[in-house]
Amino acid sequence: MSRFGSTEKCIVCTKTVYPLEKLAADEKIYHKSCFKCTECNSILSLGKYASKDSGTLFCKVCFKKLFFSKGNYSEGFGQLKPQHEFEKKKNGGITEDKEEIISNEVEVAASS
């Protein structure tokens, strides 16, 4: 801590966070007003938030809504399912969807 205040910076706005407005969650520092849900922008409290691996913050309502929309954490948050990640790595970056598109293009080109 410096002589005239805090040197800690908010992870969201990158401005200095003073002790009175400091909120620490998931080993990151926030202003109380910057600790908001990514989806609905509501101000969060320490007991009423959820976060994803990347540090993205959600209120519990939005977190559940995104989770239930696909039934798993990966697809609900715009990522591939773990089994699709494995297939992608195994196939050198080509997923089943891309394989199907490529094979359809080859069939169309062959029939022309």
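Reader: I'm new to this one, so leaving aside its neighbours within four places in sequence, which residues is H31 in contact with?
Author: If we set aside the neighbours within four places in sequence, H31 is in contact with C10, C13, K15, T16, V17 and E21, and please keep in mind that this is a predicted model.

Reader: Okay, and what does the side chain of H31 reach at 3.0 Å?
Author: That side chain reaches the backbone oxygen of T16, at 3.0 Å, and T16 is also one of the residues listed as being in contact with H31.

Reader: Where is H31 found, and is H31 buried or exposed?
Author: H31 is found in strand β2, and H31 counts as buried because its relative accessibility is 7%, where the cut-off for buried is under 20%.

Reader: Switching topic, what lies in the loop between β1 and β2?
Author: Among the residues there are D26, which lies in the loop between β1 (22–25) and β2 (28–31), and E27, which is found in that loop too.

Reader: What about phi for D26 and for E27?
Author: Phi of D26 is near 50°, and phi of E27 is near 60°; each is a positive value in a residue other than glycine.

Reader: Why point that out?
Author: Because most residues other than glycine have a negative phi.

Conventions: Residues are numbered from 1 along each chain as its sequence is written. This is a predicted model: local features need pLDDT of at least 70, side-chain atom pairs count only at pLDDT 80 or more; totals for chains, interfaces and linings use all residues. Side-chain values use heavy atoms; hydrogens and water are left out. Helices (H or I, at least four residues) and strands (E, at least two) are DSSP runs, numbered from the N terminus. Buried means under 20% relative accessible area, exposed over 50%, partly exposed in between (1.4 Å probe, protein chains only). A polar contact is a pair of N or O atoms within 3.5 Å; within protein, one must be able to donate a hydrogen and the other to accept it, and residues adjacent in sequence count only if both atoms are side-chain atoms. Contact means heavy atoms within 4.5 Å.
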